[in-house]
Amino acid sequence: MSEVITAAVAALNEKMSGGFDGVAKFVIEDEGAIMIDSNGARAGDEEADVTMSADTETFRAILDGELNPTTAFMTQKLSVDGDMGAAMRLGAVLS
């Protein structure tokens, strides 16, 4: 597993005490995927209600609070496939 994925899982679990209502996948280009569900975040690549994809730089900016997930989506730095409601709920958790 890549260092980027390992660090992202740790950061997401810090931000999301109590997990997430739904199943989301965050694909980081050239690094791997992270699953987010009621148990928190973990490395994995499974079926999800919503899949969000971004490059490493964009993902780090979202995690660091430097880039709002909605802004990333609107500027096409973040792509969303699936349940937009779940994406918005996750975006609220990450903001």
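**Figure 1. T56 in helix α2.** T56 is found in helix α2 of this predicted model. Its relative accessibility is 17%, so T56 counts as buried, the cut-off being under 20%. Apart from neighbours within four places in sequence, T56 is in contact with V4, I28, E29 and E31.

Figure 2. Helix α2 spans residues 56-63. Of its 8 residues, 6 are buried, so α2 is largely enclosed by the rest of the structure. The buried residues are T56, T58, F59, A61, I62 and L63. The helix is followed by G65, which has a positive phi near 80 degrees.

**Figure 3. The largest nonpolar core.** This core has 27 residues. Within the core, F26, I34 and I36 have the most contacts. Six elements each supply at least two of the core residues: the helices α1 (3-15), α2 (56-63) and α4 (84-94), and the strands β1 (24-28), β2 (32-37) and β4 (50-54). Helix α1 gives the most to the core, with 5 residues.

**Figure 4. Surroundings of F26.** F26 lies in strand β1 and is among the residues with the most contacts inside the largest nonpolar core. With a relative accessibility of 1%, F26 counts as buried. When neighbours within four places in sequence are left aside, the residues in contact with F26 are G32, A33, I34, M52, A54, F59, I62 and L78. Of these contacts, F59 and I62 are also among the buried residues of α2.

**Figure 5. The aromatic pair F26 and F59.** A search of the whole structure finds 1 aromatic pair. The ring centres of F26 and F59 are 4.3 Å apart and the ring planes stand at 70 degrees, so the pair is edge-to-face; planes over 60 degrees apart fall in that class. Because F26 belongs to strand β1 and F59 to helix α2, the pair ties together parts that are 33 residues apart in sequence. F59 counts as buried, at 2% relative accessibility.

**Figure 6. The largest pocket.** The volume of the largest pocket is about 240 Å³. Its lining consists of 17 residues, and those nearest the pocket centre are P69, T70, A87, M88 and G91. At least two lining residues come from each of α3 (69-74), β5 (78-82) and α4. Helix α4 gives the most to this lining, with 7 residues. By class, 13 of the lining residues are nonpolar and 4 are polar, and no charged residues are present.

**Figure 7. D30 in the loop between β1 and β2.** D30 is placed in the loop that joins strands β1 and β2. Although D30 is not a glycine, its phi is positive, at about 65 degrees. D30 has a relative accessible area of 81% and is exposed.

**Figure 8. Q76 in the loop between α3 and β5.** Q76 has its place in the loop between helix α3 and strand β5. The phi of Q76 is near 65 degrees, a positive value in a residue other than glycine. The relative accessible area of Q76 is 75%, so this residue is exposed, the cut-off being over 50%.

Notes: Residues numbered from 1 in each chain as written. Predicted model: local features only at pLDDT ≥ 70, side-chain atom pairs only at ≥ 80, totals over all residues. Heavy atoms only, no water. Core = buried A, V, L, I, M, F, W, Y, C linked by side-chain atoms within 4.5 Å. Buried < 20%, exposed > 50% of the residue type's maximum accessible area, 1.4 Å probe, protein only. Helix = DSSP H or I, 4+ residues; strand = E, 2+ residues; numbered from the N terminus. Contact = heavy atoms within 4.5 Å. Phe/Tyr/Trp six-rings, centres within 6.5 Å; stacked < 30°, edge-to-face > 60°. 1 Å grid on protein atoms, 1.4 Å probe; cavity = no way out; pocket = protein on both sides within 12 Å on 5 of 7 lines; lining within 4 Å. Points joined across faces, edges and corners; volume = space filled by probe spheres on them. Nonpolar A, V, L, I, M, F, W, Y, C, P; charged D, E, K, R; others polar.
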